[in-house]
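Have the structure open as you read.

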Amino acid sequence: MNIQIFGKAKCFDTKKAERYFKERGIRFQRIDLDKSGISKGELASVKAAVGGLDALVDDRHPDAALLRYLAYEEDKEQKLLDNPRLLRTPIVRNGRKATVGYQPDVWKSWD
């Protein structure tokens, strides 16, 4: 397994996801969205795995409603790339598979 966890430093669910993999002895790479962001290719891969951009948007962020009103998918993607704080976390990737949020039931099937 090649696990990547995209998260925010103060996100409780990101910390829970990291603890989930640590407890099982599964190595992972942590990517801080605030510092590193997410690349266009990674965003496209995650978007395909989770069924679209709507699943990636953090509804609690003040700009989430504005993002939903953008007409074009490319504009929404660019807004997410420019401001990764709009992403719901954690985003956990295992190759082409990905989840958004804390989903240990899905991660168990990755073993």
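Start at the hairpin made by β3 and β4, where 2 residues sit between the strands and Gly95 in the turn has a positive phi of about 65°. Strands here are DSSP runs of E with at least two residues, helices are runs of H or I with at least four, and both are numbered from the N terminus. A word on the source: this is a predicted model, so local features need pLDDT of at least 70 and side-chain atom pairs count only at pLDDT 80 or more, while totals for chains, interfaces and linings use all residues. Residues are numbered from 1 along each chain as its sequence is written, and side-chain values use heavy atoms, with hydrogens and water left out.

**The sheet**

β3 and β4 run antiparallel and are joined by 4 bridges; strands count as paired if DSSP finds at least two bridges between them.

| Residue | Bridge partner |
|---|---|
| Gln4 | Arg93 in β3 |
| Ile3 | Asn94 in β3 |
| Asn94 | Lys97 in β4 |

Ile91, for its part, stands opposite Val100 in β4. Zooming out, the open sheet has 4 strands in the order β2-β1-β3-β4, with mixed pairing. β2 (28-32) and β4 (97-100) are the edge strands, each pairing on one side only. From one strand to the next, the twist averages 15°.

Two helices go with this sheet. Helix α1 (residues 12-23) packs on it, touching β1, β2 and β3, and its direction makes about 160° with that of β1. Angles like this run from 0 to 180 degrees between N-to-C directions, using lines fitted to C-alpha atoms, for helices over the stretch in contact. Helix α2 (residues 40-50) lies across β1, β3 and β4, running at about 80° to β4.

Which way do the β3 side chains go? Ile91 and Arg93 point one way from the strand, Val92 and Asn94 point the other way, and all are buried (buried is under 20% relative accessible area, exposed over 50%, partly exposed in between, with a 1.4 Å probe and protein chains only). Leaving out residues up to four places away in sequence, Ile91 touches Gln4, Ile5, Phe6, Val46, Leu56, Thr99 and Val100; contact means heavy atoms within 4.5 Å.

Ile91 also belongs to the largest nonpolar core, which has 18 residues; the members touching the most others are Phe6, Ile38, Leu43, Leu56, Leu80, Leu87 and Ile91. A nonpolar core is a set of buried Ala, Val, Leu, Ile, Met, Phe, Trp, Tyr and Cys residues joined through side-chain atoms within 4.5 Å. α2, α3, α4 (73-82) and β4 are the elements giving two or more residues to this core. A second, separate core of 9 residues includes Ile5, Tyr20, Phe21 and Ile26. In soluble globular proteins, nonpolar side chains tend to be buried together.

**The aromatics**

Tyr20, Phe21, Phe28, Tyr102 and Trp107 form one aromatic cluster. Rings of Phe, Tyr and Trp (its six-membered ring) pair if their centres lie within 6.5 Å, and planes under 30 degrees apart count as stacked, over 60 as edge-to-face and the rest as tilted. The count by this rule is 5 aromatic pairs. Phe21 and Phe28 have ring centres 6.4 Å apart and planes at 50°, so they make a tilted pair. Phe21 and Trp107 are also tilted, at 5.2 Å centre to centre with 40° between the planes. That pair links distant parts of the chain, with Phe21 in helix α1 and Trp107 in helix α5 (residues 104-108), 86 residues apart.

Is Phe21 buried or exposed? Phe21 counts as buried because its relative accessibility is 1%, whereas Phe28, at 23%, counts as partly exposed.

Asp58 lies in the loop between α2 and α3 (64-69). Its relative accessibility is 10%, so Asp58 counts as buried. The Asp58 side chain reaches the backbone nitrogen of Arg60 at 3.1 Å. Beyond residues up to four places away in sequence, Asp58 touches Lys8, Ala64, Leu86, Leu87 and Arg88.

Over in helix α4 you'll find Leu81, which counts as buried at 18% relative accessibility.

Technical notes: Polar contact = N/O pair within 3.5 Å; in protein donor to acceptor, adjacent residues only side chain to side chain.
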